[in-house]
Amino acid sequence: MISSESIGSYLTRLAARQPTPGGGAAAALHAAQGAALVAMVARYTTGAKYEPHAPLVQRITTAADGLIDEALHLAEADEVAFQAVIDSYKLPSGTAELKAARAAVIQSALIQAAETPARLVTLSGEIVDLATELYDVANANVISDVAAAADAARAAATTARVNIDINVVAVKDPEARARLARQTDGIEEKVVLAADALSARVRERILG
């Protein structure tokens, strides 16, 4: 389980010549770090000085904590989904019936493997939205971490996008392909633009 293993163990597995974990899990961990950075900045934005913003900060903290958990779940789900794709290609295909059954399992596995990064793209946008909300009230001493959160979420979205693409191109069902496209249509581009804009605002604020 990625959520319970050490960073060193995870990186060793990521660097190994094995199919999982791969880019999908890495994307989800980008998102988890982005959400964690938002939560950290929010927790530094507390006390008497920030009391007028306490409800907003508490809502952001709770939401960011939830996104950390969901991102870790998606990292593990991606590993499972991609392993299912690998396993499906190993199924027997010696007869017409076996070949048809194998093809059906492969298609199902590919669709599932695209579903996980599709959710991750949306989740990444939610992280950037929280970071943007927090920016205006955040403790100035940790304002750089707002940009770090946005950039991590941006990396998650763009990495998830390419993982969707590599699975969808092999999906033959046009309805399934259209559904997956609708799930992420335009979202990744919006995440990138929002993350870049927020990072620019943070740098401008730091540099004066």
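Helices (H or I, at least four residues) and strands (E, at least two) are taken as DSSP runs and numbered from the N terminus. The model shown is predicted: local features require pLDDT of at least 70, side-chain atom pairs count only at pLDDT 80 or more, and totals for chains, interfaces and linings use all residues. Residues are numbered from 1 along each chain as its sequence is written, and side-chain values use heavy atoms, with hydrogens and water left out.

View 1. A pocket is, on a 1 Å grid over the protein atoms alone, an open set of points where a 1.4 Å probe fits, with protein on both sides within 12 Å along at least five of seven lines; lining residues have an atom within 4 Å of a point. The largest pocket holds about 330 Å³ of space, a volume being the space filled by probe spheres set on the points, which are joined across faces, edges and corners. Its lining has 14 residues, of which I2, I7, Y10, L29 and Q33 are the closest to the centre. Two or more lining residues come from each of α1 (7–15) and α2 (23–44); α2 gives the most, with five residues.

**View 2. The second largest pocket and its lining.** About 200 Å³ of space lies in the second largest pocket. D78, F82, N163, I166 and N167 are the closest to its centre among the 16 lining residues. The elements α2, α3 (54–88), α4 (96–135) and α5 (144–168) each give two or more residues to this lining, and the largest share, four residues, comes from α3.
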